[in-house]
Amino acid sequence: MSDWDEDSNNDVPQNGQIGSLGYATLLPMWLLTIWLASIDATHPWRELTAALLSSYGALMLTFTAGAHWGFAPSVRAAAGATALVIIGWMAPLLPSNAAFVLLALVLAAQGTWDAFAVHEGDLPKWYGRMRTRITFLSVMAMLVAFVATN
């Protein structure tokens with residue numbers, strides 16, 4: 001059975017290793033978010049922290065959008081994924097607070113798309129469950145960062 005096959009219990013494959021790696025991707029995002037929220041507005045590393053966080057948010061968006069190329073390759077999925085990649089690529093160019101709002105919205109939209117794709121049978125159920133949790137935590141990190149930069 002490959003990493004991407006569903007087992008009989010519809011659990012994350014490979015005894016949860018894929019799920020653990022998925023959640024591990026949240027670690028840099030939340031470390032940067034907590035650091036950004038805890039430092040003073042005049043801290044010399046504040047702008048760099050915000051830039052790293054928005055870049056990482058864009059990277060996560062790009063990675064999740066790319067899943068639609070592998071799981072459900074169609075012209076529609078590829079076009080949607082490409083649009084998300086372009087939006088994610090542009091987000092770090094915006095002022096920090098605008099980048100965090102944009103990323104929160106687009107990460108939420110990506111998560112919604114994943115949920116619909118699971119419902120339609122284009123993505124496996126284990127992936128949908130994992131992505132729902134990761135999407136929620138990613139969006140929350142972007143919203144905390146938005147509050148911290150206002």
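Student: OK, so axis angles under 35 degrees count as roughly parallel, and those over 145 as roughly antiparallel. At what angle do H2 and H6 pack?

Tutor: This is a predicted model, to be clear. In it, helix H2 (residues 26-38) and helix H6 (residues 125-148) pack at about 20°, and their axes are 9 Å apart. Under 35 degrees is the cut-off, so H2 and H6 come out roughly parallel to each other.

Student: And which hand is the crossing of H2 past H6, left or right?

Tutor: H2 passes H6 in a left-handed crossing.

Student: Which residues make that contact?

Tutor: From H2 you get Leu26, Met29, Trp30, Thr33, Leu36 and Ala37. H6 brings Ile134, Leu137, Ser138, Met140, Ala141, Met142, Val144, Ala145 and Ala148.

Student: What share of the residues is buried?

Tutor: Buried residues are 39% of the 150 in the chain.

Student: And the contacts, what percentage join residues at least 24 apart?

Tutor: If you take contacts between residues at least 6 apart in sequence, 68% of them join residues at least 24 apart.

Student: Back to H2. How does H2 sit against H3, roughly parallel or roughly antiparallel?

Tutor: H2 and H3 pack at about 150°, with 9 Å between their axes. That angle makes H2 roughly antiparallel to H3. The crossing of these two helices is left-handed.

Student: Who's touching whom there?

Tutor: On the H2 side it's Leu26, Pro28, Met29, Leu32, Thr33, Trp35 and Leu36. On the H3 side it's Arg46, Thr49, Ala50, Leu52, Leu53, Tyr56, Gly57 and Met60. By class, the contact of H2 with H3 has eleven nonpolar residues, three polar and one charged.

Student: Is leucine 31 buried or exposed?

Tutor: Leucine 31 has a relative accessible area of 53%. The cut-off for exposed is over 50%, so leucine 31 counts as exposed.

Student: New topic, then: how many residues are in the largest nonpolar core?

Tutor: The largest nonpolar core has 33 residues. Met29, Leu36, Leu53, Met60, Phe100, Tyr127 and Met142 are the ones with the most contacts inside that core. At least two core residues come from each of H2, helix H3 (46-71), helix H4 (75-90), H5 and H6.

Student: Which helix gives the most to this core?

Tutor: H6 does, with nine residues.

Student: What about H3 and H5, what are the angle and axis distance?

Tutor: About 20°, with the axes 10 Å apart. H3 and H5 are therefore roughly parallel to each other, and H3 passes H5 in a left-handed crossing.

Student: Which residues meet between H3 and H5?

Tutor: H3 residues in the contact include Leu53, Gly57, Leu61 and His68, and among those they meet in H5 are Phe100, Leu107, Gln110 and Trp113. The contact of H3 with H5 divides into twelve nonpolar, six polar and one charged residue.

Student: Why does glutamine 110 count as buried?

Tutor: Because its relative accessibility is 0%, and buried means under 20%. Glutamine 110 lies in helix H5 (residues 96-120). Not counting residues up to four places away, glutamine 110 touches Leu61, Thr64, Ala65, His68, Leu84 and Arg131.

Student: Last one: what does leucine 102 contact?

Tutor: Beyond its neighbours within four places in sequence, leucine 102 is in contact with Ile87, Ala91 and Leu94. Leucine 102 is also in helix H5 and counts as partly exposed, at 26% relative accessibility. Its C-alpha is 8.6 Å from that of glycine 88, which is 14 residues away along the chain.

Methods:
Residues are numbered from 1 along each chain as its sequence is written. This is a predicted model: local features need pLDDT of at least 70, side-chain atom pairs count only at pLDDT 80 or more; totals for chains, interfaces and linings use all residues. Side-chain values use heavy atoms; hydrogens and water are left out. Helices (H or I, at least four residues) and strands (E, at least two) are DSSP runs, numbered from the N terminus. Buried means under 20% relative accessible area, exposed over 50%, partly exposed in between (1.4 Å probe, protein chains only). Contact means heavy atoms within 4.5 Å. Axes are lines fitted to C-alpha atoms, for helices over the stretch in contact, and angles run from 0 to 180 degrees between N-to-C directions. Angles under 35 degrees count as roughly parallel, over 145 as roughly antiparallel, 65 to 115 as roughly perpendicular and the rest as oblique. A crossing is left-handed if the near helix is turned anticlockwise from the far one by less than a right angle, and right-handed if clockwise. A nonpolar core is a set of buried Ala, Val, Leu, Ile, Met, Phe, Trp, Tyr and Cys residues joined through side-chain atoms within 4.5 Å. Ala, Val, Leu, Ile, Met, Phe, Trp, Tyr, Cys and Pro count as nonpolar, Asp, Glu, Lys and Arg as charged, and the others, Gly among them, as polar.
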